Amino acid sequence: MNTAAEIELPENDTAVLTVRDLVVRYDMDEASIHAVNGVTFDLAPRETYAIVGESGCGKSTVALSLLGLTPIVGGEIVLDSARLTEMGRAEMARVRGHKIAMIFQEPMTSLNPVLTVGYQLIEAIRLHTSMGKRAAREHAAKMLGRVGMSDAERRLRQYPHELSGGMRQRVMIAMALSCNPAVLVADEPTTALDVTVQAQILALIDQLREEFGTAVVLITHDIGVVAETANRIAVMYAGRIVEEAPTAALFADPRHPYTRGLLASVPRVDRVPDGQPMPTMEGSAPSMRQLPEGCPFRARCSHSTEKCETDPPVRVGEGRMVRCWLYE
Amino acid sequence: MMISPETKLLLRKLRRNRLAMIGVVLVSVLVLATVLLPWVLPWDPNKMDVRNALQGSSAAHLLGTDQFGRDILTRIVYGGSISLRVGFYVTFASLILGVGLGALSGYVGGMTDVVIMRGMDALMAFPGLLLAIALVAAFGGTMTAIVIALTIVGIPRFARVVRASVLQRKESDYVLAARALGKRPTVILVQDVLPNCIGPILIQTTLKFPTAILGEAGLSFLGLGLPPPAPSWGRMLNEARSFMEVAPAAAIYSGAAIFITVMGFNLLGDGLRDVLDPRTQSARR
């Protein structure tokens, strides 16, 4: 597999997080799952960088890799000039939740059901600070206020099952931000929530990103979610970023055939076709156990030629990147 | 720790389970009797009075006397304290060791898991009582020996239950979230994994108790328990066998004591399982 050192993104000194040629492989009993096959990107301070893609394209693996929770086999991750990929276990544990934090898809199951919200929040704060119990408790209450939960003192005494999904996600966000991390990784933070709550949570993340000066990596399969909040979007397919562009540019002028297909299959109110089926993409994503040679999208692509049987080149320019033979 | 609303709900469910409540009553009566009756009963459990041997019920001897003229009720009450002590020590020791080994096995995995679980398999390959007999024969008939023997027999089941439960919780979202917060593995095991395994552990604990009591009764019935004249239920049953046709009281009452105790704990354990395991609940509804 070509792990693509070819991507020459403009070297960005100010980047808070740099990911280069990240390769992650899960070794199972009989086969290996090539979940991430050379992902490269930079994250600017205070930026929201969205990674979109369908289920199983490796986007959640990228998210977990940023915290060192996956078997990384290649590439490097640099956070605030610290090389995470070279850190030992104990060192990495001090970074997690402190310099880089994460919120998850399932707020209903991401909190320990037998401990109170307060206990878990205080624990998270005390893991990475020297605060005493009382100070940590005050900080916890303050954090709950900042994520928009009223009556913080009572909330601290409640158990997770006494809170709604949206409330639990707020608690998760409060926990993640309690040590003021440089980067917040949000893995499908709204997928499990009601539509009305989704918008609230997204707005909250955006507001807190501003307040805390945190950069956000937003992982989602819902391209509608990112349209409003992301500065830049990366489209992932079969473990690679196939296109990356500023949000407006991506929506206005999608270049990779996969991105176009993705955008075309989003239902929109302003162009309801009478009695016509919704446009969908033919075929399905290749198995991550055995990726085909060349462009992994070629079997579903209407533009594919024999060129596509070799690895597509990466084209960079105008602040965007696309990995496709069409632009050679 | 405070009683959480979840615990309150479980208690309410338990109260509505009739069989479990019968178990609670039986167990409570038993515990109260062994604690309180020794203060009330006028007899010494080991004092022989051969002239009054093998009597039926009377005002002085409510349940009659045995072949040496000892008061059967008194002996059953004192025997109850032996049974409960053995039950408690064995359950507690197998709980601690079994949870420790099971948690280590499930959480660490790899070779540790293989070594521990094969050890447990080896112990489970022996019929429980047979293993206990061998161990007591080796250690001698003291309380400590009996407890050690029955504990060794009891550990594997705990270890298995806990391992299975830990394996399941280890993959849960809150454990992943805890790792993402930078918690150390040992802290995660203690704070996030084990507290969520409490259900299966509790059930196994209530089911271990009667097994341990039955084990002690079995050993003493076979003459391997505490040496005479200790009033152990198993020994009383065995001694009463020879006089069963003349004076069945001793055999009936000591047998009944074993039966009621074991049933009480089993009903309580089953009730707890029904309450704690959502699958059995839906089946009943």
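Predicted model: local features only at pLDDT ≥ 70, side-chain atom pairs only at ≥ 80, totals over all residues.

Visitor: What makes β1 and β4 of chain A paired strands?

Guide: Two strands pair if there are at least two bridges between them. Strand β1 (residues 17–27) and strand β4 (residues 72–79) of chain A are joined by 6 bridges, so they pass that cut-off. They run antiparallel, and Val19(A) has Ile77(A) as its bridge partner in β4(A).

Visitor: How do you know that β4(A) and β5(A) pair?

Guide: Their count is 2 bridges, in the antiparallel sense, and the cut-off is at least two, so they count as a pair. You can see it residue by residue: Leu79(A) is opposite Ala82(A), and Val78(A) is opposite Arg83(A). The hairpin of β4(A) and β5(A) has 2 residues between the strands, and Asp80(A) there takes a positive phi near 50 degrees.

Visitor: Why are β2 and β5 of chain A said to stand at the edges?

Guide: The sheet is open, with 4 strands in the order β2-β1-β4-β5 (chain A) and antiparallel pairing. β2 (32–43) and β5 of chain A each have a single partner strand, so one side of each is left without a neighbour in the sheet. Helix α1(A) lies across β1, β2 and β4 of chain A, at about 65 degrees to β2(A).

Visitor: What makes β6 and β11 of chain A edge strands?

Guide: They belong to another open sheet, of 8 strands, ordered β6-β7-β8-β3-β9-β10-β12-β11 (chain A) with mixed pairing. β6 and β11 (314–317) of chain A each pair on one side only. From one strand to the next, the twist averages 20 degrees. At the β11(A) end, 4 bridges join β11(A) to strand β12 (residues 320–323) of chain A, and the two run antiparallel. Val314(A) in that pair faces Arg323(A) in β12(A).

Visitor: Which helices lie on that sheet, and at what angles?

Guide: Helix α1 (residues 59–66) of chain A lies across β3 (48–52), β6, β7 (183–187), β8 (215–220) and β9 (232–237) of chain A. Helix α1(A) runs at about 150 degrees to β8(A). Helix α10 (residues 257–264) of chain A touches β9 and β10 (240–246) of chain A, and its direction makes about 105 degrees with that of β9(A). The range 65 to 115 counts as roughly perpendicular, so that is the word here.

Visitor: Over in chain B, why are α10(B) and α11(B) called roughly antiparallel?

Guide: Helix α10 (residues 233–241) and helix α11 (residues 249–276) of chain B have axes that cross at roughly 155 degrees and come within 8 Å. The threshold is over 145, and α10(B) and α11(B) are therefore roughly antiparallel to each other. Their crossing is left-handed. Among the α10(B) residues that meet α11(B) are Trp233(B) and Met236(B), and the α11(B) side includes Ala250(B) and Gly255(B). By class, this contact has 8 nonpolar, 2 polar and 1 charged residues.

Visitor: What makes residues of chain A and chain B count as being in contact?

Guide: The test is C-beta atoms within 7 Å. By that test, 23 residues of chain A are in contact with 16 residues of chain B. On the chain A side, α2 (89–95), β6 (100–103) and α3 (117–128) each supply at least two residues. The largest share, 3 residues, comes from α3(A). The chain A side divides into 13 nonpolar, 7 polar and 3 charged residues.

Visitor: How does the "transmembrane region" record sit with the model?

Guide: An unreviewed UniProt entry lists residues 20–41, 86–108, 129–155 and 246–269 of chain B under that name. In the model, residues 86–108 of chain B are 100% helix and 0% strand, with end C-alpha atoms 32 Å apart. Residues 129–155 of chain B are 89% helix and 0% strand, and their end C-alpha atoms lie 14 Å apart. Chain B as a whole comes to 12 helices and 0 strands.

Definitions and conventions: Residues numbered from 1 in each chain as written. Chains lettered and ligands numbered in written order. UniProt positions renumbered as here; feature names shortened; annotations may be inferred. Axes fitted to C-alpha atoms, helices over the stretch in contact; angles between N-to-C directions. Parallel < 35°, antiparallel > 145°, perpendicular 65-115°, else oblique. Left-handed = near helix turned anticlockwise from the far one by under 90°. Contact = placed C-beta atoms within 7 Å. Nonpolar A, V, L, I, M, F, W, Y, C, P; charged D, E, K, R; others polar.
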